[in-house]
Amino acid sequence: MTRSKNFPAPPGNIPPPAHATNTADARPDAHNIAGDCAGDAPTPPSGRLVHHPGLLAFLMARTSSSFSSCVQAVAVGWQIYALTHSARALAMVGLAQFLPMICLTMVAGHAADHMNRRRIAMTCQAVEATSALVMAIAAFGGWTTPGMIYAMVMVFGAARAFEMPCQQTFLPSIVPPHMFPRAAAVSSSLFQAAAVTGPSVGGLLYGAGAGVCYMVCALGFGMAMLGTFLLPLRNMARARQPLSVSMFMEVWHFMRERPDMLGAISLDLFAVLLGGATAMLPVYASDILHAGPTGLGLLRAAPAMGAVACALFFVWKPLNKHAGAFMFAAVATFGVATIVFAFSTSMPLSIFALAVLGAADVISVVVRGALVQLRTPDSMRGRVSAVNMLFIGSSNQLGEFESGMLASLVGPVEAVALGGAGTIVVTLLWMRMFPGLRRLDRLDDIHAD
């Protein structure tokens, strides 16, 4: 399944960020080409979260971007399958989005650590809005081709490769540590709500035509750009460093010295690479469940429904005991739910299996997010986030490619079932290879070394 990987984890001992000392510093500086530092706008006297400057803008940007991406995924998947009726074509969509990501990840991470993060994110969101607008015009004109869809997806993948490492740094930079837990919970709930409503709305809008879907996406990415512009990030000059192999090796050594972090990220990669069924949802909705585009929207929304329920549970009861064991159990459950979905011919059972899959995914995301975000100093957060996003993108896009290609050889049901079994096998192997991760207990003890 396509994973909602930006679920923020509960914070540990995060060093207090530097606060802006000048109100002008809290506004976008069009003339400052330096990067955004991990500083905050001043905390207002009120302790209410909604009164914190910048949080609403961040939530608007993140939620709008997530919602638009989900609507676009439904439109792309259904449109390419309607044009080709080929599982291989669905696989190529995943590959087209993955290739720019793998080529640009480290460059994007370096840019996030040494350039203006806000400006990079806004530029990427503008590119996403423009590409969606072009696809809308093509759909209304009736001259959309599979090649045009692949090109748009590649442009979108390139933009996301630069946007996501920057966006990952924003929330710790605009809220102080004592507000971070509640801010993370609210952000995650809205993100998952967008993931629930986006596919459903996308399926409904597709009934009026793919052009309508793409127009909504263009508007949503435009709103995300506005929200990013309004973020009260303090700009501070950073020493520019040239892109070099040593910069990449620094990140590699950093992660090698933290096997728990490496184990969590790689488990996520291989489990979803094998267990991903997103590419097959149009096939299931059309040929197995006979549910049409509305049914496709429901299937895409089902994992997020489970994720929302699990996220709300964590707001009430944080995962702060036996976190590693819960993570491995959750990934195994992810595999079992994938197998159940593979053999289901009932729409309610399929939705339930996908909801369980989404709930299990949240547990893995919480543990991985805590390890990545809270053990990384801000000076490396862009590059480490880029590597993390590469692993996420690999599991999503390559998972779709793998599922589509395997389905073209053995059939969609067999492909999804084999992927779920592979996820269980990987879980057992990683439990043996990373015993420290298995013994990980409290997430609130995690802190940057």
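Predicted model: local features only at pLDDT ≥ 70, side-chain atom pairs only at ≥ 80, totals over all residues.
Leaving out residues up to four places away in sequence, F341 touches A277, L281, Y284, L299, S350, A353, L354 and V416.

**The nonpolar cores**

Together with Y214 and L299, F341 has the most contacts inside the largest nonpolar core, which has 59 residues.

**The protein as a whole**

Now zoom out. The protein has 16 helices and 0 strands. Of its 449 residues, 59% are buried.

R160 is found in helix α4. Is R160 buried or exposed? R160 counts as buried because its relative accessibility is 15%, and the cut-off for buried is under 20%. R160 forms a salt bridge with E163, and their closest N and O atoms are 3.3 Å apart. E163 is buried as well as R160. Why are the two residues separated by about one helical turn? The reason is that they are 3 residues apart in helix α4, which runs through residues 146-167. The count of salt bridges in this model comes to 1.

Leaving aside neighbours within four places in sequence, R160 is in contact with S65, S69, E128 and P165. R160 also gives an example of distance in sequence against distance in space: R160 and A108 are 52 residues apart in sequence, while their C-alpha atoms are 9.6 Å apart.

E128 lies in helix α3. Although E128 is buried, it has no salt bridge. What is the nearest side chain of opposite charge to E128? It is R160, 4.2 Å away, and a salt bridge needs the atoms within 4 Å. Not counting residues up to four places away in sequence, E128 touches F156, A159, R160, E163 and F221.

L133, I137, F140, W143 and M215 make a nonpolar surface patch of about 520 Å². Helix α3, residues 117-141, gives the most to this patch, with 3 residues. L133 has its place in helix α3. With a relative accessible area of 38%, L133 is partly exposed.

**Comparing exposure**

Here are some residues side by side, each with its relative accessible area.

| Residue | Relative accessible area | Class |
|---|---|---|
| G404 | 0% | buried |
| S66 | 6% | buried |
| R160 | 15% | buried |
| L133 | 38% | partly exposed |
| H290 | 63% | exposed |

G404 is found in helix α14, residues 378-410. Why does G404 count as buried? Its relative accessibility is 0%, and buried means under 20%. Which residues does G404 touch, not counting residues up to four places away in sequence? They are A87, R88, A91 and M280. G404 and V283 are 121 residues apart in sequence, yet 9.9 Å apart in space, C-alpha to C-alpha.

S66 is found in helix α1, which covers residues 55-84. S66 touches F191, A194 and A195, again not counting residues up to four places away in sequence.

H290 lies in the loop between α10 (281-288) and α11 (292-316). H290 is exposed because its relative accessible area is 63%, and exposed means over 50%. What is phi of H290? The angle is near 50 degrees, a positive value in a residue other than glycine. For background, most residues other than glycine have a negative phi.

Definitions and conventions
Residues numbered from 1 in each chain as written. Heavy atoms only, no water. Patch = residues over 30% accessible without salt bridge, like charges linked within 9 Å, V, L, I, M, F, W, Y side chains within 5 Å. Areas by Shrake-Rupley, 256 points an atom, 1.4 Å probe, with all protein chains shown as cover. Helix = DSSP H or I, 4+ residues; strand = E, 2+ residues; numbered from the N terminus. Buried < 20%, exposed > 50% of the residue type's maximum accessible area, 1.4 Å probe, protein only. Lys, Arg positive; Asp, Glu negative; His and termini not counted. Contact = heavy atoms within 4.5 Å. Core = buried A, V, L, I, M, F, W, Y, C linked by side-chain atoms within 4.5 Å.
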